[in-house]
Each structure stands twice: as structure tokens, then as C-alpha cells.
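Subject: Structure handover

Hello,

Here is the structure I promised to pass on. Please open it next to this email, as the notes below go through what was found in it.

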Amino acid sequence: MPFLIAILIIVVLIVIPCVKVVPQAKSYVIERLGSYYTTWKNGLHFKIPFVDRVANQVSLKEIVKDFAPQPVITKDNVTMQIDTVVYFQITDAKLYTYGVEYPISAIENLTATTLRNIIGELELDQTLTSRDIINAKMRSILDEATDPWGIKVNRVEVKNILPPKDIQEAMEKQMRAERERREKILQAEGEKKSSVLIAEGEKESAILRAEAEKEAKIKRAEGEAEAMLKIKTAEAEGIKLLKEAKADQSVLTLKSYEALSNLANGQATKLIVPSNLEGIATFGTALKEVMEDKKSK
């Protein structure tokens with residue numbers, strides 16, 4: 001009886017480790033008698049004791065690796081430090097297990113050499129302004145090179161680009177000079193626009209003043225013409241009334257005397273007597289009466 005219990009315990013100890021549960025996003029590479037046998041996906045699995053073994057447990061999640069800065073030389077012989085971040089995912093556990101020794105180290109070395117080749121074709125300014133191009137080229141090259149290893153490179157990012165200190169100082173001076181130049185240009189453009197606006201304002205003001213003066217002169221001329229027209233209309237109406245009243249020669253003569261009376265009230269030193277008055281005596285008598293009438297007033 002103790003012997004059976006011992007055998008049962010030994011069987012349990014041997015069988016239990018052979019029962020495997022593969023979690024989600026994992027793959028187990030199984031070898032049988034030293035050779036690749038199969039790949040277990042997630043779920044419950046059983047391996048034959050002493051025959052099968054789990055050669056590798058592979059994570060199928062996306063992996064992010066931040067590699068240390070690498071010294072690279074540009075086309076114009078500037079040495080700088082560039083570090084990269086690689087996002088990759090294992091798509092084939094068998095190829096990942098048997099394709100290359102130390103796959104992460106292989107990816108790091110491949111990234112460094114690829115980066116040196118790409119940067120070596122670019123000048124310093126292009127390197128600083130062409131990150132998207134560098135990232136795209138590196139992703140394409142790395143993805144193709146790691147395909148036999150069962151690795152899919154999803155993304156490559158250039159994290160930092162560190163030029164030498166003297167180059168950084170020169171770039172800072174250049175940027176400062178560029179900012180000052182832009183500031184002066186903006187200031188000059190602002191002054192120009194201000195001068196243009198002032199000139200346009202003065203021009204419009206002068207035009208408005210001229211138009212106002214013109215309108216005033218027109219209004220004055222229209223007023224004078226209207227007054228003159230009214231005077232002439234009144235005179236015409238007076239003559240018309242005299243004609244309609246059938247005024248005789250005596251009335252017209254009396255009007256002439258009134259005109260002479262108005263002349264006598266003025267400061268004139270000369271008196272022009274019309275030649276159509278009826279006789280010198282009649283004129284003298286009329287003038288005497290006018291003078292007496294003036295004195296009596």
C-alpha cells in the first residue's frame with residue numbers, strides 16, 4: 001500500500017507540471033526530443049513528460065525599445081549623437097525563437113547601422129529638419145530586415161539629435177539673428193502701413209475739405225442768383241403793374257422826380273439830368289419843390 005501511494009505521488013508530480021495554461025497575448029514554442037514541434041496559443045495544453053519541453057515563451061504585445069544615443073556623422077562631416085525609439089511586435093514565435101540569437105540586441109545594432117547610413121547621406125540642416133523622412137526610411141529598412149526573425153517593426157522615432165556644443169552655439173546665434181531680422185522687418189512694415197494710413201487720411205481729409213468748400217461756393221452762388229432773380233422779378237412785376245394801370249406821362253414824370261429825390265439824398269457831387277424832361281423851367285420848378293420838401297422834413 002505505501003508503495004502504491006508513492007507511485008501515485010510520483011505520477012502526480014510528473015503529470016501536473018506537464019499541464020500548461022497559455023495566457024492571452026502569449027505563445028509557447030514546444031520542442032519534442034530537441035526539435036521544433038509546435039507553437040501553443042492561449043488556452044489549456046498538455047505536454048508529454050520527458051519528451052516535450054517549452055523552448056520559449058514569447059509575448060505577442062507591441063514592444064517599445066529606447067536605444068542609447070549613437071554617434072553619427074553627417075554628409076558635411078558633423079558628428080552628433082542621435083538616439084532612437086523602436087516600436088515592434090513579434091508575429092511569428094518560431095522565427096523569433098530560431099531566427100536570430102539575441103533578437104533585441106540584433107535590432108539595436110541594426111538600428112544603429114541603418115541610422116548611420118541614412119544620416120551619412122544628409123547634411124546637418126537636412127538632418128535637423130527631416131525627421132519624418134529619417135523615421136520613414138528607418139522603419140522601412142528595419143521592417144524588411146527583421147521579417148525573417150518573425151518581427152514586425154511598426155514605428156521608428158528619432159528621439160533626440162544632439163549636435164556638438166560649438167554647432168549648437170552657432171545655431172543659437174543664427175536663430176537669434178533671424179529673430180532680430182524678422183522683428184525689424186515687421187517693425188518696418190508696421191511703420192510703412194502707418195505712414196500709408198496717415199497719408200490716405202490726409203488725402204481724404206483734403207478731398208473732403210475741397211468738396212465742402214466747393215459745395216459752399218455753389219450754395220452761395222445759388223443764393224446770389226436766386227436773390228438777383230427775385231429782384232428782377234419784382235422789378236418786372238412793378239413795370240407790369242404800371243403798364244396794367246395804364247400810367248400816363250405825368251405818373252412817369254413823378255417817378256422820375258422821386259428818383260431825383262433819391263439822388264439828392266446821396267453824397268454825389270455831380271447830377272446828370274436826363275434830356276427828355278419837359279423844359280428847363282419845368283425841371284427847375286420841380287427841383288425847387290423837391291428841395292423845399294426835403295427842408296420841411
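Start with the lining of the largest cavity: by class, 5 residues are nonpolar, 3 are polar and 1 is charged. Here Ala, Val, Leu, Ile, Met, Phe, Trp, Tyr, Cys and Pro count as nonpolar, Asp, Glu, Lys and Arg as charged, and the others, Gly among them, as polar.

Some background before the rest. This is a predicted model, in which local features need pLDDT of at least 70 and side-chain atom pairs count only at pLDDT 80 or more, while totals for chains, interfaces and linings use all residues. Residues are numbered from 1 along each chain as its sequence is written, and side-chain values use heavy atoms, with hydrogens and water left out.

**Overview**

The protein has 8 helices and 9 strands. Helices (H or I, at least four residues) and strands (E, at least two) are DSSP runs, numbered from the N terminus. Of the 297 residues, 20% count as buried. Buried means under 20% relative accessible area, exposed means over 50%, and partly exposed lies in between (1.4 Å probe, protein chains only). Take the contacts between residues at least 6 apart in sequence: 63% of them join residues at least 24 apart. A contact means heavy atoms within 4.5 Å.

**Cavities**

There are 2 cavities of 30 Å³ or more. A cavity is a set of points, on a 1 Å grid over the protein atoms alone, where a 1.4 Å probe fits but cannot get out; lining residues have an atom within 4 Å of a point. Grid points are joined across faces, edges and corners, and a volume is the space filled by probe spheres set on the points.

The largest cavity has a volume of about 40 Å³. Its lining consists of Phe 67, Ala 68, Gln 70, Ile 82, Thr 84, Glu 108, Thr 111, Ala 112 and Leu 115. β8 (79–90) and α3 (103–119) each supply at least two of the lining residues. α3 gives the most, with 4 residues.

**Salt bridges**

The whole structure has 10 salt bridges. A salt bridge is a side-chain nitrogen of Lys or Arg within 4 Å of a carboxyl oxygen of Asp or Glu.

- Arg 32 pairs with Asp 52, and their closest N and O atoms are 2.6 Å apart. Arg 32 is in strand β2 (residues 26–32) and Asp 52 in strand β5 (residues 52–59), so this pair ties together parts 20 residues apart in sequence. Arg 32 is partly exposed at 28% relative accessible area, whereas Asp 52 is buried at 6%.
- Glu 178 and Arg 181 also form a salt bridge (2.6 Å, N to O). Both lie in helix α6 (residues 165–244), 3 residues apart, about one turn of the helix. Glu 178 is partly exposed at 27%, and Arg 181 is partly exposed at 43%.
- Lys 217 bridges to Glu 213, with the closest N and O atoms 3.6 Å apart. They are 4 residues apart in helix α6, about one helical turn. Lys 217 is partly exposed at 47%, and so is Glu 213 at 45%.
- Arg 139, Asp 143 and Lys 152 are linked in a network of salt bridges.

**A buried lysine**

Lys 47 lies in the loop between β4 (43–46) and β5. Lys 47 is buried yet has no salt bridge; the nearest side chain of opposite charge, Asp 52, is 7.3 Å away. For charge, Lys and Arg count as positive and Asp and Glu as negative; His and the chain ends are not counted. Leaving out residues up to four places away in sequence, Lys 47 touches Pro 17, Cys 18, Lys 20, Trp 40, Asp 52 and Arg 53.

**Asn 135**

Asn 135 sits in helix α5 (residues 131–146). Asn 135 is buried, at 9% relative accessible area. Beyond its neighbours within four places in sequence, Asn 135 is in contact with Val 156, Glu 157 and Val 158. Val 158 is 23 residues from Asn 135 along the chain, yet their C-alpha atoms are separated by 6.5 Å.

**Positive phi**

Most residues other than glycine have a negative phi. Phe 50 has a positive phi, near 65°. Phe 50 lies in the loop between β4 and β5 and is exposed at 75% relative accessibility. Asn 77 also has a positive phi, about 65°. Asn 77 is in the loop between β7 (70–73) and β8 and is exposed at 67%.

Best wishes

Terms used. 1 Å grid on protein atoms, 1.4 Å probe; cavity = no way out; pocket = protein on both sides within 12 Å on 5 of 7 lines; lining within 4 Å.
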